[in-house]
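Work through the exercises below with the model open. Try each task before reading its solution.

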Amino acid sequence: MLPKPNRLRAGSDFNLITKTGARFSAPNLVLYANLAKTDQPKIGFIVNRSVGGSVTRHLVTRKLRHNFAAYIPSLPNGLMIVVRVLKAQNDYTTEVSQLVEKTLLKFSTQNNKADK
């Protein structure tokens, strides 16, 4: 489960990240990421009705929260992530790990460039 300080909740943050953030795609997920002035990484989820009914959407969100919770310690402070679900799946583990790896690669190289 994602700790409360790591949950992204503000609609304005969702809009900002999806409009201006870097985009990484997988077959069933799209991840948007951007750096901000926060003390901890934050993650939010967008699960549309096209994924399924309310029960299905909440189940998908719980699965994704569980998957992303393992990566919280490795994410840089200030990283804000929005995950858009395209299709319901039984397991998102491999897609989440690929997307987080791409995100870390991109934002670790940006941090290295900013440090120089």
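**Exercise 1.** Is Lys-37 buried or exposed?

*Solution.* Begin with the ground rules. This is a predicted model, where local features need pLDDT of at least 70, side-chain atom pairs count only at pLDDT 80 or more, and totals for chains, interfaces and linings use all residues. Residues are numbered from 1 along each chain as its sequence is written, and side-chain values use heavy atoms, with hydrogens and water left out.

Now locate the residue. Lys-37 sits in the loop that links β2 (29-35) to β3 (42-47). Strands are DSSP runs of E with at least two residues, helices are runs of H or I with at least four, and both are numbered from the N terminus. Next, take the accessibility. Lys-37 has 87% relative accessibility, so it counts as exposed. The cut-offs are under 20% relative accessible area for buried and over 50% for exposed, with partly exposed in between (1.4 Å probe, protein chains only). Finally, look across the chain. The C-alpha atom of Lys-37 is 5.5 Å from that of Gly-78, although 41 residues separate them in sequence.

**Exercise 2.** Find which residues of helix α1 (residues 11-20) are buried, and what covers them.

*Solution.* Step one: Phe-14, Ile-17 and Thr-18 are the buried residues of α1. Step two: they span an arc of only 95 degrees around the axis, so they lie on the same side of α1. The arc is that of the directions from the helix axis to the C-beta atoms. Step three: turn to the face of α1 pointing away from the buried side. Exposed Ser-12 and Lys-19 are found there. Step four: the cover over the buried residues of α1 includes β2, β3 and β4 (79-85).

**Exercise 3.** Describe the surroundings of Asn-67.

*Solution.* Asn-67 belongs to helix α2 (residues 54-69). Its relative accessible area is 13%, so Asn-67 is buried. Leaving out residues up to four places away in sequence, Asn-67 touches Tyr-92, Thr-93 and Val-96. A contact means heavy atoms within 4.5 Å.

**Exercise 4.** What is the order of elements from the N terminus on?

*Solution.* Count: the protein has 3 helices and 4 strands. Order: they run α-β-β-β-α-β-α. Burial: 40% of the 116 residues count as buried. Range: of the contacts with a separation of 6 or more, 82% are between residues 24 or more positions apart.
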